[in-house]
Amino acid sequence: MTASALAASLPKYQLLADHCRGAIQAGSLLPGQRMPSLRALMAQHMVSLTTAMQACRLLESEGWLEARPRSGYFVRQPTRGLLAPVKDPPMQRAPDAAQYVGIHAKVSEFLALGRLQRFKINLSVARCAPELYPADALQQAALRSLRQHPDQLVRAAPPQGSLEFREVLAQRALSAGMRLSASDIQVTNGCTEALNLALRAVANSGDTIAVESPAFYGLLQTLESLGLKALEIPTSPRTGISVDAVELALRTTPGIKAVVVVPYLQNPTGSIMPNAHKQALLRLCQQQDVALIEDDTYSALVDDAVFREEPLRAIKSWDDSGHVLHCASLHKHLAPGLRLGWISGGRWKARVEMLKFAASRGNERLAQLAAASFIGSAAYDRYLRRLRATLVTQRAQTAQAVSRYFPAGTRLTVPRGGLSLWVELPQGLSATTLFHAALAEKLVIAPGTIFTNSSRFDSNLRVNCGWPFTPEIDHAFARLGQMVGTLANTA
C-alpha cells in the first residue's frame with residue numbers, strides 16, 4: 001500500500017481535523033474567529049454530520065477549538081501555546097542494516113542512575129499513581145477467591161493458567177473483535193514474558209526482527225538477551241509503524257522472522273494505528289509468511305471518544321491464518337503488582353506452551369482468580385471509564401505545563417489515551433544532557449536514546465502523565481523548562 005493510499009485510509013473525521021488544524025496553524029483561521037458551521041463543513045468537504053462533529057470534537061479535545069452554547073465552535077489559542085506535533089520520520093527511507101542490539105548497558109545505566117538518586121519527582125515511568133488503581137476491589141476479590149478455593153496455595157497451578165481467568169480474558173477479547181477460546185490463551189508473567197515467548201517461538205539466535213522506531217526499551221533488551229538483530233522501521237507519532245517501510249524492509253532484507261508492533265498507544269510515541277493500516281500490515285505479513293507479534297498493553301487506556309469514532313480492533317481479530325501472536329497484560333491499566341499477562345500464539349500455540357513450561361511453569365493461581373473476579377464484573381468497566389477520564393485531564397495538564405515552560409521550538413505529541421507524552425526539544429538539543437542535568441536536581445525523565453538501538457531520538461524525551469498533577473509536578477516541569485532554555489542559550 002502506498003503512502004498516499006495509507007493517508008487516504010485514515011478515518012474521514014481525522015482527515016478533516018488535519019485540514020482544519022493546518023488552516024489554524026497557517027493563520028487562515030485566527031483565534032477568536034468562528035469556525036465554519038457543521039453544515040458548511042459538510043457541504044464543503046462532502047462529509048456526514050457525524051464526521052464533521054467528530055472532527056470538531058477532536059480539535060476541541062486538542063485545544064484548537066472551543067464550543068460556545070448556541071454559537072458553534074470558535075478558534076482558540078490553547079493554553080499550551082499551539083505547540084506543533086512531533087515530526088514524522090522520513091517514511092520512505094531505506095531501512096538501516098539489521099544489527100545486534102547493544103542497548104542493555106545504556107538502559108541499565110539509565111535505570112541505575114535513577115534509582116541511586118533519592119529523586120523528588122520521577123517522570124520517566126509509564127504507569128499510574130498507586131491510588132488510581134482499584135486496590136480495595138482487588139483485595140476483596142482476592143479474599144473471596146481464598147474463601148472459595150481455600151487449598152489453592154498448596155496445589156500446583158495449571159500450566160496454561162487458571163481456567164477462570166482465561167475464560168474471562170476470552171470473553172473480554174470479543175470487544176476487540178477477537179474470537180478466542182480459553183484454550184487459545186497462555187497466561188504469563190506480564191507482557192514482557194509474553195513477548196519473550198513469542199520471539200523465542202518464531203525466531204532463533206541471529207535472526208532479524210523488525211521493530212518500531214522508536215520502540216519500548218524493554219523490547220530492545222529482550223531482543224539483545226535472545227541474540228536477535230533489530231531492524232528499526234520508521235514510526236509516525238500519529239499513525240504508528242510505516243507499512244510502506246515494512247514492505248520495503250521485507251523486500252530488501254532477507255530472513256526477517258517477525259514484525260513487532262504496538263497498535264494502540266505505541267510506547268513511547270502514543271500513536272494509534274488506523275484499522276486500515278493494521279489490516280494492510282497483516283496482509284503483508286501473511287503474504288511474506290512472517291510472524292506478526294502484537295503488543296496490546298495499552299488499548300484499555302484509549303480515550304472513550306476514540307472508541308466511539310472507530311471500533312477498537314486488535315490485529316488478531318482479522319487473522320485467519322494464525323500469523324498473529326497477540327500479547328497483553330494488566331500491568332498498565334489495572335494492577336502493576338500482579339504481573340499478569342497472556343499470549344495467544346496462533347500457529348505457534350503449542351511451541352509457546354512448551355517454552356512457557358520449560359521457562360517458568362504456571363503462574364500462581366491467587367492473582368489470576370482475583371483478577372478474573374474483578375474483570376468479569378461491571379465494576380471493571382466503571383473503573384476503566386473513571387481512569388480514562390482522569391488520564392484525559394492529567395495529560396492535558398502535563399501538555400499545558402510543557403508548553404508553558406519549555407522554550408519556543410519545542411514539539412509535543414498529545415496522544416488520545418495512555419500514560420505518557422512524547423516531547424521533541426528545539427534546535428536539536430540533547431535530552432540525554434537534560435537527563436543528567438535533571439538528575440542533579442533529583443528529577444528523572446526518560447531520554448529518547450533508550451528507545452532506539454541507533455543514534456536517533458536524542459532530542460526526544462518521554463514524560464509520565466499517570467500521577468495527579470500536583471504543584472510539585474508543575475514546579476518540576478517549570479524547572480525542566482528552565483534547563484532546556486539554558487541548553488538552548490549555550491548551544
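Q: Which residues lie nearest the centre of the largest pocket, and how many line it?
A: The largest pocket is lined by 35 residues, and nearest its centre lie Thr192, Phe216, Tyr217, His331 and Lys332. This is a predicted model, in which local features need pLDDT of at least 70, side-chain atom pairs count only at pLDDT 80 or more, and totals for chains, interfaces and linings use all residues.

Q: Which helices give two or more residues to the lining of the largest pocket?
A: They are helix H5 (104-116), helix H8 (190-202) and helix H9 (217-225), a helix being a DSSP run (H or I) of at least four residues, numbered from the N terminus. The largest share, five residues, comes from H9.

Q: What makes up the lining of the largest pocket, by class?
A: The lining divides into 15 nonpolar, 13 polar and seven charged residues, where Asp, Glu, Lys and Arg count as charged, Ala, Val, Leu, Ile, Met, Phe, Trp, Tyr, Cys and Pro as nonpolar, and the others, Gly among them, as polar.

Q: Why are H3 and H4 called roughly perpendicular to each other?
A: The axes of helix H3 (residues 38-45) and helix H4 (residues 49-62) cross at roughly 115° and come within 9 Å. Angles of 65 to 115 degrees count as roughly perpendicular, and H3 and H4 are therefore roughly perpendicular to each other. Their contact (heavy atoms within 4.5 Å) is made by Leu38, Leu41 and Met42 of H3 and by Leu49, Ala52, Met53 and Cys56 of H4. By class, this contact has seven nonpolar residues, with no polar and no charged ones.

Q: How many cavities of 30 Å³ or more does a search of the whole structure find?
A: The search finds four, and about 100 Å³ of space lies in the largest cavity. Among the residues that line the largest cavity are Leu265, Gln266, Tyr298 and Ser420, and by class its lining has five nonpolar, seven polar and no charged residues.

Definitions and conventions:
Residues numbered from 1 in each chain as written. Heavy atoms only, no water. Axes fitted to C-alpha atoms, helices over the stretch in contact; angles between N-to-C directions. Parallel < 35°, antiparallel > 145°, perpendicular 65-115°, else oblique. 1 Å grid on protein atoms, 1.4 Å probe; cavity = no way out; pocket = protein on both sides within 12 Å on 5 of 7 lines; lining within 4 Å. Points joined across faces, edges and corners; volume = space filled by probe spheres on them.
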